[in-house]
Amino acid sequence: MELFHTSAEEIKSISADGRFGEFLFFSTKVYAMTAGKHVTYKIDLSEDDVIEASQLFFHEGAGKLDTLVASLAARLGVDAETAEALIEESSSVFDIDSIESEDAAEASWTVQHFTARAAKLLGFRAVRVQDEQGSAYMIDMLGREAELAAA
């Protein structure tokens, strides 16, 4: 499948540092989250490399996610069941009373990063998540800068 990523600047290298670590967001359509100039990249990815967020805990290797779930639960001050629901997108941080509304956006980004990490732990390169534009793909791009083609 052909997917697109837009960036405010040219991507020369990808590291595990930053808000989403080694993961970049892609979409089936070009859309930009910046007001000014942007660079558009495309990548071809096999469906076999992608897992739906909603399927993470139905995977045969879901036990590998226990430590990740516990880490998110501790970070957000929720129980493991709630953390799992957040990772698989059956719940939202905006529905959790203990998360202040002014902290919800930051918490939701944290959850998205944990969702991508869960997919990687299960051996997938990407996870299909939902964002404000609809379906999005968080793809592990660490060391794969050469796969980013100008669109």
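How far does α3 reach from its first C-alpha to its last, and what span is expected at 1.5 Å a residue? In this predicted model, α3 has 18 residues and reaches 25 Å. The expected value is 26 Å, and the helix comes close to it. α3 covers residues 104–121. Just after the helix, glycine 123 takes a positive phi of about 95 degrees.

The buried residues of α3 are Ala104, Ala107, Ser108, Thr110, Val111, Gln112, His113, Phe114, Thr115, Ala116, Ala118 and Ala119. Their cover includes the helices α1 (66–76) and α2 (80–87). It also includes the strands β2 (23–26), β4 (50–52), β5 (126–131) and β6 (134–140).

Histidine 113 lies in α3. Its relative accessibility is 15%, so histidine 113 counts as buried. Leaving aside neighbours within four places in sequence, histidine 113 is in contact with Arg19, Phe20, Gly21, Phe23 and Met138.

Met138 also belongs to the largest nonpolar core, which has 33 residues. Leu56, Leu72, Leu76, Ile87, Val93, Val127 and Met138 touch the most other members. β2, α1, α2, α3, β5 and β6 each supply at least two residues of this core. The largest share, seven residues, comes from α3.

Valine 127 is in contact with Thr115, Ala116 and Ala119, among others, leaving aside its neighbours within four places in sequence.

How values were computed: Residues numbered from 1 in each chain as written. Predicted model: local features only at pLDDT ≥ 70, side-chain atom pairs only at ≥ 80, totals over all residues. Heavy atoms only, no water. Helix = DSSP H or I, 4+ residues; strand = E, 2+ residues; numbered from the N terminus. Buried < 20%, exposed > 50% of the residue type's maximum accessible area, 1.4 Å probe, protein only. Contact = heavy atoms within 4.5 Å. Expected span 1.5 Å × (residues − 1). Core = buried A, V, L, I, M, F, W, Y, C linked by side-chain atoms within 4.5 Å.
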